[in-house]
Amino acid sequence: MAKGKKTVYFCQNCGYESAKWMGQCPGCREWNTFVEETVSPFSLGKTVKKNTEIPKPVGLEEISLTEDSRKSSRIEELDRVLGGGIVQGSLVLVGGDPGIGKSTLLLQMCRHLADQKVEVLYISGEESLRQIKMRAMRIGNFDGHLKLLCETNLGNIRELIERKKPEVVIIDSIQTMYDEEISSAPGSVSQVRESTNVLMQLAKGLGVTIFIVGHVTKEGNVAGPRVLEHMVDTVLYFEGERHATYRILRAVKNRFGSTNEIGVFEMRNDGLQEVKNPSEFLLEGKPEGSSGSVVACSMEGTRPILIEVQALVCQSNLGIPRRTAAGIDFNRVNLLMAVLEKRAGLHLGVCDAYVNIAGGIKMNEPAVDLGICLAIASSYRDWVIDDRLLAFGEVGLSGEVRAVSMAEQRVQEAKKLGFEKVILPRVCQKFADKVKGIEKIYVGTVKEAIGYIAGRS
Ligand code: TYD
Ligand code: MG
């Protein structure tokens with residue numbers, strides 16, 4: 001081996017570095033993800049050496065922020081997740097499972113940008129020009145000019161960007177790119193890191209906006225996007241169920257906006273379509289007149305989303321009752337069942353329970369708690385809950401229903417979708433009362449909420 005080079009083991013999932021091979025990664029607890037890679041100790045020095053001049057600090061007041069430092073992608077859902085548009089000179093990582101629609105989304109964005117006369121360069125290391133053209137034809141008409149390139153050598157890409165200075169560059173995908181000076185294979189942790197490093201310097205130095213596609217991989221022989229999450233400005237994850245047609249774009253990190261926003265899309269034959277009203281979409285097919293189903297409300301960023309919580313509770317035949325949760329945290333469901341047992345007198349200890357958010361969407365907001373509790377109680381007692389009733393509120397360990405943020409917007413959304421009654425925390429009364437034309441039932445405890453549905457079923 002050449003002098004000055006050494007090998008280390010990297011976890012391909014999270015980038016954890018170790019001098020020796022390990023079966024389980026101490027960083028992310030994944031098994032069998034360590035791969036040996038050669039690193040040269042001077043790889044960092046190389047990039048620093050180029051700037052021989054001494055850097056000059058700038059005063060804060062000297063930096064000008066022009067109004068148009070954000071561009072619209074003309075895809076509203078994408079703009080919102082990005083925090084109000086594409087920021088000039090930012091580095092955005094778009095992660096997701098293979099085949100989820102990352103290339104399609106970015107190509108659609110390129111189309112709208114090209115229409116606005118923005119210079120866009122789409123670099124693909126995965127598909128041939130013909131394949132991209134075929135995809136573009138499915139999406140629709142391209143009026144503006146879009147420049148494409150099939151290339152995986154980062155040195156060439158860097159030179160091209162430095163010479164042509166396009167405004168927006170797409171790198172599809174980072175796992176196919178390689179730097180000649182690094183001996184490990186494309187997709188390994190050191191390649192992915194070094195490539196991102198080069199792209200970051202280009203973005204910051206030239207003010208080019210760069211979108212990086214990163215595949216989430218389960219096998220562990222290709223580095224996942226988590227390795228570079230900390231290096232980029234914005235991390236977006238594109239997720240969805242394989243069998244469902246909708247896709248959710250979620251911001252996990254955003255230096256230019258909030259991270260709670262989600263964008264909802266539907267994968268059609270002619271590309272991704274925006275879903276402007278996700279609640280309607282998610283409540284489609286809700287069963288009528290069946291127990292164990294209730295509509296809850298979760299705030300995703302600035303947007304309230306109504307979802308159906310389903311529960312099935314039945315007598316267990318096993319020593320330890322079986323419980324599952326889909327779309328919500330399993331431990332949260334266990335906790336809420338304990339609260340129901342202790343504070344509302346439901347004997348759930350001997351019951352199997354299956355709790356599910358319909359549509360395969362994942363929700364983590366505590367405001368869904370009350371919905372989960374009511375769905376469980378409804379299934380346990382076999383009460384049918386009114387279809388036009390919505391419930392939200394956080395449930396505490398003493399069985400109290402606690403305040404949640406933005407109660408007014410939630411009630412407003414319920415009214416807009418034709419709901420007639422809302423069960424909500426009593427402490428939210430002064431906000432919720434501002435919305436007229438919908439019946440509000442204020443509750444202080446879960447027991448009260450269950451008492452209300454008991455009287456009406
Ligand atoms: P793609 O964008 O290639 O996924 P990724 O880049 O994340 O790997 O999406 C490919 C999938 O989307 C593929 O299964 C075909 C489907 N698709 C449609 O259903 N409609 C379309 O208009 C397009 C372009 C793709
Ligand atoms: Mg792709």
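**A sheet, a ligand and some cysteines**

Let me start with one pair of residues: valine 8 stands opposite glutamate 37, which is in strand E3. Before going further, note that this is a predicted model.

The strand E1, residues 6–11, pairs with E3 in the antiparallel sense, over six bridges. Together with E2 these make an open sheet of three strands, in the order E2-E1-E3, with antiparallel pairing. Which strands stand at the edges? They are E2, residues 17–18, and E3, residues 34–39. Each has a single partner strand, so one side of each is left without a neighbour in the sheet.

Next, the ligand. There are 16 residues around ligand 1, and Gly99, Ser103, Thr104, Arg268 and Gly271 come nearest. Sorted by class, that shell holds seven polar, six charged and three nonpolar residues. Where do they sit in the fold? Helix H3 (102–115), helix H4 (129–139) and strand E13 (262–268) each supply at least two residues of the shell. The largest share is from H3, with three residues.

Now some individual contacts with oxygen atoms of ligand 1. From lysine 102, a backbone N or O atom lies 2.8 Å from an oxygen atom of the ligand. In arginine 135 the side chain is involved: one of its N or O atoms is 2.9 Å from a ligand oxygen. For glycine 271, a backbone N or O atom lies 2.6 Å from an oxygen atom of ligand 1. As for cover, ligand 1 taken alone exposes 560 Å², and the protein buries 76% of that.

Last part, the cysteines. A disulfide is a covalent bond between the sulfur atoms of two cysteines.

Take cysteine 14. The closest cysteine sulfur to its own is in cysteine 28, 3.6 Å away, and that is too far for a bond, because a disulfide is counted here when the two sulfur atoms are within 2.5 Å. Cysteine 297 is in no disulfide either, since the nearest cysteine sulfur, that of cysteine 428, is 11 Å away. Is cysteine 297 buried or exposed? Cysteine 297 is buried, its relative accessible area being 0%.

Methods
Residues are numbered from 1 along each chain as its sequence is written. Chains are lettered from A and ligands numbered from 1 in the order in which they are written. This is a predicted model: local features need pLDDT of at least 70, side-chain atom pairs count only at pLDDT 80 or more; totals for chains, interfaces and linings use all residues. Side-chain values use heavy atoms; hydrogens and water are left out. A residue is near a molecule or strand if one of its heavy atoms lies within 4 Å of it. A polar contact is a pair of N or O atoms within 3.5 Å; within protein, one must be able to donate a hydrogen and the other to accept it, and residues adjacent in sequence count only if both atoms are side-chain atoms. Accessible areas come from the Shrake-Rupley method with a 1.4 Å probe; for residues, only the protein chains shown count as cover. Helices (H or I, at least four residues) and strands (E, at least two) are DSSP runs, numbered from the N terminus. Ala, Val, Leu, Ile, Met, Phe, Trp, Tyr, Cys and Pro count as nonpolar, Asp, Glu, Lys and Arg as charged, and the others, Gly among them, as polar. Buried means under 20% relative accessible area, exposed over 50%, partly exposed in between (1.4 Å probe, protein chains only). Two strands pair if DSSP finds at least two bridges between them.
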